[in-house]
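Open the model in your viewer and keep the selection panel at hand. Each stop names what to pick and what to look for.

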Amino acid sequence: MSRKTIAITGVAGFIGSNLADRLLAEGYRVIGIDNLAYGVREQVPSGVEFHETDIRGPELRRLFEGVDAVFHLAAKNCIADCQDDPLETSDINVTGTVNTFEAARRAGVGKLIYAESSALYEGSSQFPTPESDVAPESFYAASKLAGMAFAQAYRRFCGLRPTALRYFCGFGPRPAYRRSIPPLMRAFAIKLLRGERPTIYGTGEKRRDFVYVDDVNDFHVRCLDDARTDDRTFNLGSGSNHSVREIYDEIAAQIGTSIEPIYAPDLAGEAQQNLADISAARELGWSPHTDLRTGLRRSIEFVRRFVSPIAN
Ligand SMILES: NC(=O)c1ccc[n+]([C@@H]2O[C@H](COP(=O)([O-])OP(=O)(O)OC[C@H]3O[C@@H](n4cnc5c(N)ncnc54)[C@H](O)[C@@H]3O)[C@@H](O)[C@H]2O)c1
């Protein structure tokens, strides 16, 4: 039997590169697409057939010919960057997403899995938050809502049966590189390893549901073979949350430093809390199994070995 071919948009980013590693290890052929706006080429695992191209361009259709499944992960996804440039946010996250859906439809791709976000729950006051409680506030979340509306129209009129994944705060090796505000674990680890004071935006009391990238990949792989994921939306989180200060203290303890952070005014568009209701994913037999401490140890090790000497 010939091995399945999987295409990943955003393959040079955090989730895409980790997913590519996992799919290659499982024997899939992987086609990777990224314009390197935020990801880096060095992060794309060898073995991926890499195409440096934009998801808004006409090449996608050709690249998707003969592909069995598409993971659409490419996006502009730093909330602060999206607040600064709503127009580009819409261009990449809405137009780029529609172009990806359209290319998948025209190429006859059998399975489409795409990234939404827990940001869709920014205005929710229900914790843990179920998939039904959509309440976007930021420009980033608005762009994800538009992608969701297009997915529904593709379901209605074109017979696509996409799987929508709402990641909470993914963490692990290869955290996103080129954002004005890097993911907080990476930002804390880099500064603390250098003996510098990291910045906490807000009081440190914001709470986040962190999910380790290997656990997310378990669900990704499951999507490829389980038809029950067709035409459905899933929260992917851990089902528990931690304050930013708790995360800071754990990273500082693992690095062995007592450096105190600098506190700065909170960032616009940031929810005070997120917490995933993961019962829908659990019902399919998935559960996250990497505890925060273990995941942080692996993430810090990655920063220590590959990032700390070169990054800002
Ligand atoms: N990481 C998380 O915790 C998280 C949480 C919620 C949602 N998401 C969503 O999951 C997806 C992946 O997130 P990530 O953390 O890996 O992000 P990332 O920024 O690390 O990766 C995104 C990749 O998309 C690429 N890209 C951006 N615009 C492009 C374009 N026009 N054409 C081609 N490539 C383009 C970037 O260069 C980058 O490599 C995104 O859609 C994001 O919104 C992620």
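Of the 30 residues around the ligand, which come nearest? Select Ile15, Asp34, Asn77, Tyr140 and Gly170: these five do. Keep in mind that this is a predicted model.

**Stop 1: the ligand**

Show the polar atoms. Go to glycine 13. A polar backbone atom there sits 3.1 Å from an oxygen atom of the ligand. Next, pick isoleucine 55. Its backbone supplies an N or O atom 3.0 Å from a ligand nitrogen. Move on to arginine 56. Here a polar side-chain atom lies 3.5 Å from a nitrogen atom of the ligand. On its own the ligand has 820 Å² of accessible area, and the protein covers 96% of that.

**Stop 2: the shell**

Colour the shell by class. You will find 17 nonpolar, 8 polar and 5 charged residues around the ligand. Then switch to cartoon. Helix H1 (14–25), helix H5 (139–158) and strand E7 (169–171) each provide at least two residues of this shell.

**Stop 3: helix H4**

Select residues 86–107, which form helix H4. The helix has 22 residues. From first C-alpha to last, H4 reaches 30 Å, close to the 32 Å expected at 1.5 Å a residue. Step just past the end of H4 to glycine 108. Its phi is positive, at about 70 degrees.

**Stop 4: lysine 111**

Strand E5 (residues 111–115) holds lysine 111. Is lysine 111 buried or exposed? It counts as buried because its relative accessible area is 9%, and the cut-off for buried is under 20%. Show its surroundings. Leaving out residues up to four places away in sequence, lysine 111 touches Asp68, Ala69, Val70, Thr163, Cys223, Asp226, Thr229 and Asp230. Draw a distance to threonine 229: the two side chains make a polar contact of 2.7 Å.

**Stop 5: threonine 229**

Centre on threonine 229. It is in the loop between helix H7 (213–225) and strand E11 (233–236). At 0% relative accessibility, threonine 229 is buried. Beyond four places in sequence, its contacts are Lys111, Thr163, Phe219, Cys223, Phe234 and Leu284.

**Stop 6: helix H7**

Finish on H7. Its 13 residues should span 18 Å at 1.5 Å a residue, and the end C-alpha atoms are 19 Å apart, so the two values agree. Display the buried residues of H7: Val213, Asp215, Val216, Asn217, Phe219, His220, Val221, Cys223 and Leu224. Phe219 and Cys223 were also among the contacts of threonine 229.

Technical notes: Residues are numbered from 1 along each chain as its sequence is written. This is a predicted model: local features need pLDDT of at least 70, side-chain atom pairs count only at pLDDT 80 or more; totals for chains, interfaces and linings use all residues. Side-chain values use heavy atoms; hydrogens and water are left out. A residue is near a molecule or strand if one of its heavy atoms lies within 4 Å of it. A polar contact is a pair of N or O atoms within 3.5 Å; within protein, one must be able to donate a hydrogen and the other to accept it, and residues adjacent in sequence count only if both atoms are side-chain atoms. Accessible areas come from the Shrake-Rupley method with a 1.4 Å probe; for residues, only the protein chains shown count as cover. Helices (H or I, at least four residues) and strands (E, at least two) are DSSP runs, numbered from the N terminus. Ala, Val, Leu, Ile, Met, Phe, Trp, Tyr, Cys and Pro count as nonpolar, Asp, Glu, Lys and Arg as charged, and the others, Gly among them, as polar. Buried means under 20% relative accessible area, exposed over 50%, partly exposed in between (1.4 Å probe, protein chains only). Contact means heavy atoms within 4.5 Å. The expected span of a helix is 1.5 Å times one less than its number of residues.
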